[in-house]
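Open the model in a viewer and keep the selection panel at hand. The stops below are meant to be taken in order.

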Amino acid sequence: MPAMRSNRGSGPILAGQRSPINPPTLIEYNHLRFLIADAPSNNNLSLYMQEFERYNVTDVVRVCDPTYNTDPLLARGIKVHDWVFGDGDAPPSQIVNEWLDLVQTRFCCNDDDDRPAIACHCVAGLGR
């Protein structure tokens with residue numbers, strides 16, 4: 001079973017430092033790392049970006065309609081993948097194949113010191 005860790009209570013909170021209302025959850029399995037989150041908005045994207053940097057997120061997968069401008073993520077080298085499909089539906093084969101390609105690409109050849117993570121979200125976080 002994969003290890004599931006929430007960042008709630010993990011590490012000190014510095015004065016003035018905030019986190020999203022529902023902090024993302026890190027899921028690790030062997031060398032795979034995924035950060036599951038609620039959908040950011042333009043108003044709270046900076047809080048999510050702090051979490052993305054904390055966990056070395058290289059890619060954000062959005063499976064819902066966009067709720068924020070991606071320019072700040074792209075400016076920091078975080079790639080955004082818009083793979084939208086209907087809530088409650090299985091993803092189409094093309095999205096499944098693109099997801100598997102992304103996982104293979106990100107996790108195939110990384111050293112232990114530079115462990116990337118892929119963030120994934122829909123509007124309701126773990127709703128899919």
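**Whole chain**

Start with a cartoon view of this predicted model. The chain has three helices and six strands, and along the sequence they follow the pattern β-β-β-α-β-α-β-α-β. Switch to a surface view next. The accessible surface comes to about 7700 Å², and carbon and sulfur atoms account for 51% of that area. Of the 128 residues, 41% count as buried. As for contacts between residues at least 6 apart in sequence, 56% of them join residues at least 24 apart.

**The largest nonpolar core**

Select F34, V61, V103, F107 and I118. Among the 17 residues of the largest nonpolar core, these five touch the most other members. Three elements, β3 (32-37), α3 (93-107) and β6 (117-121), each supply at least two residues of the core. Which of them gives the largest share? Colour α3: four residues of the core come from this helix, the largest share. In general, nonpolar side chains tend to be buried together in soluble globular proteins.

Now centre on F34. Leaving aside neighbours within four places in sequence, F34 is in contact with T25, L26, I27, W99, V103, F107 and I118.

Which residues of α1 are buried? They are L45, L47, Y48, M49, E51 and F52. To see what covers them, show β3, β4 (57-62), α2 (71-75) and β6, which are included in the cover.

A search of the whole structure finds three aromatic pairs. Y48 and F52 form a tilted pair, with 6.4 Å from centre to centre and 50° between the planes. An α-helix has 3.6 residues a turn, so residues three or four places apart point the same way. Both Y48 and F52 are buried.

Y48 is worth a selection of its own. Its relative accessible area is 3%. Not counting residues up to four places away in sequence, Y48 touches P20, N22, P24, A37, D38, A39 and P40. For a distance label, pick the C-alpha atoms of Y48 and P23: they are 8.4 Å apart in space, while the two residues are 25 apart in sequence.

**Two asparagines with positive phi**

Follow the chain past the end of α1 to N56, whose phi is positive, near 55°. N56 lies in the loop between α1 and β4. With a relative accessible area of 28%, N56 is partly exposed.

Next select N30, in the loop between β2 (25-29) and β3. Phi of N30 is also positive, near 55°, in a residue other than glycine. Is N30 buried or exposed? At 61% relative accessibility, N30 counts as exposed.

Go to strand β5 (residues 79-82) and select H81. H81 is buried, with a relative accessible area of 16%. Beyond residues up to four places away in sequence, H81 touches D59, V60, V61, R62 and L102.

From H81, move to its contact R62. The charged end of R62 sits over the ring of Y68, 4.7 Å from the ring centre.

**Cysteines**

End with the cysteines. How many disulfides are there? The count comes to zero. A disulfide is a covalent bond between the sulfur atoms of two cysteines. Draw the distance from the sulfur of C64 to that of C122, which is the closest cysteine sulfur to C64: at 6.1 Å it is too far for a bond. C64 is buried, with a relative accessible area of 3%, whereas C108 counts as partly exposed at 42%.

Note on methods: Residues are numbered from 1 along each chain as its sequence is written. This is a predicted model: local features need pLDDT of at least 70, side-chain atom pairs count only at pLDDT 80 or more; totals for chains, interfaces and linings use all residues. Side-chain values use heavy atoms; hydrogens and water are left out. A nonpolar core is a set of buried Ala, Val, Leu, Ile, Met, Phe, Trp, Tyr and Cys residues joined through side-chain atoms within 4.5 Å. Buried means under 20% relative accessible area, exposed over 50%, partly exposed in between (1.4 Å probe, protein chains only). Contact means heavy atoms within 4.5 Å. Rings of Phe, Tyr and Trp (its six-membered ring) pair if their centres lie within 6.5 Å; planes under 30 degrees apart count as stacked, over 60 as edge-to-face and the rest as tilted. A charge sits over a ring if NZ of Lys or CZ of Arg is within 6 Å of the ring centre and within 35 degrees of the ring normal. Accessible areas come from the Shrake-Rupley method with a 1.4 Å probe; for residues, only the protein chains shown count as cover. A disulfide is a pair of cysteine sulfur atoms within 2.5 Å.
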